[in-house]
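Good morning, and thank you for coming.

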Amino acid sequence: MSVLMAAAAAVARFGLWFGGALILLAAILIGIDVFLRKVLVVSIGGADELAGYALAIGTAWGLAAALLDRAHIRIDSLYLLAPTPVRVALDLVGLLLFAGFFALVFWHGIGVFEQSWTSSSRSQSALETPLIVPQAIWLVGLGLFVAIAVALALSVLARLLRGDLAGVSALIGTRSSAEEVAEEMRAAEVRIAER
């Protein structure tokens with residue numbers, strides 16, 4: 001199971017870099033377009049469309065890393081007061097609902113992709129982008145996220161069967177304040193070492 005999770009983490013890390021690079025490129029493109037509009041009164045044309053694709057694709061590709069890093073936002077006021085078994089149960093239900101929701105999005109996304117494929121749909125902008133291109137890249141990111149979420153759920157279930165509640169919390173529980181501080185300290189040490 002650890003090999004599966006290591007592979008999932010590697011794919012998620014790649015997705016995070018890929019999605020982040022797309023969003024960075026979109027920001028640069030928009031900045032150039034704004035500059036050209038202001039200074040030369042011309043436009044690249046389609047920058048907003050490309051930025052929209054980049055945002056959707058970047059989000060889909062970054063979801064898995066957020067899930068594995070436990071970086072998603074939770075409201076945990078009452079959660080912290082619950083006993084460990086209740087928290088583990090809530091974490092597992094949350095993971096399954098989260099994965100289930102995106103599995104539905106993926107499923108319906110396949111239908112949209114198929115419709116775009118059969119009708120040769122293009123965007124209604126000057127770029128006339130074949131919609132299957134951004135939709136396919138978006139779907140691959142969503143599919144990878146769903147697969148990684150399923151792998152994480154299987155890993156959690158294996159730990160539950162062993163009675164390892166602490167291990168389950170380490171995989172899908174809310175990060176504690178001590179974990180947050182330790183992560184910030186490691187990041188600070190890396191920055192200091194790089195100087």
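The lining of the largest cavity consists of eight nonpolar residues, two polar ones and no charged ones. Please keep in mind that this model is predicted. The residues that line the largest cavity are V11, A12, G15, A60, W61, A64, G141, L144, F145 and I148. Two or more residues of this lining are given by each of helix 1 (2-39), helix 2 (47-68) and helix 4 (132-162). Which helix provides the largest share of the lining? Helix 4 does, with four residues. The space in the largest cavity is about 40 Å³, and the count of cavities of 30 Å³ or more comes to one.

I now turn to the helix pair. Two packed helices are described by the angle between their axes and by the distance between those axes. For helix 3 (residues 84-119) and helix 5 (residues 165-172), the packing angle is about 40 degrees and the axes are 10 Å apart. Angles under 35 degrees would count as roughly parallel, and those from 65 to 115 as roughly perpendicular; helix 3 and helix 5 are therefore oblique to each other. The crossing of helix 3 past helix 5 is left-handed.

Which residues meet in this pair? Helix 3 contributes T84, P85, V88, D91, L92 and L95, while helix 5 contributes L165, V168, S169 and I172. Sorted by class, this contact holds seven nonpolar residues, two polar residues and one charged residue.

Methods:
Residues are numbered from 1 along each chain as its sequence is written. This is a predicted model: local features need pLDDT of at least 70, side-chain atom pairs count only at pLDDT 80 or more; totals for chains, interfaces and linings use all residues. Side-chain values use heavy atoms; hydrogens and water are left out. Axes are lines fitted to C-alpha atoms, for helices over the stretch in contact, and angles run from 0 to 180 degrees between N-to-C directions. Angles under 35 degrees count as roughly parallel, over 145 as roughly antiparallel, 65 to 115 as roughly perpendicular and the rest as oblique. A crossing is left-handed if the near helix is turned anticlockwise from the far one by less than a right angle, and right-handed if clockwise. Contact means heavy atoms within 4.5 Å. Ala, Val, Leu, Ile, Met, Phe, Trp, Tyr, Cys and Pro count as nonpolar, Asp, Glu, Lys and Arg as charged, and the others, Gly among them, as polar. On a 1 Å grid over the protein atoms alone, a cavity is a set of points where a 1.4 Å probe fits but cannot get out, and a pocket is an open set with protein on both sides within 12 Å along at least five of seven lines; lining residues have an atom within 4 Å of a point. Grid points are joined across faces, edges and corners, and a volume is the space filled by probe spheres set on the points.
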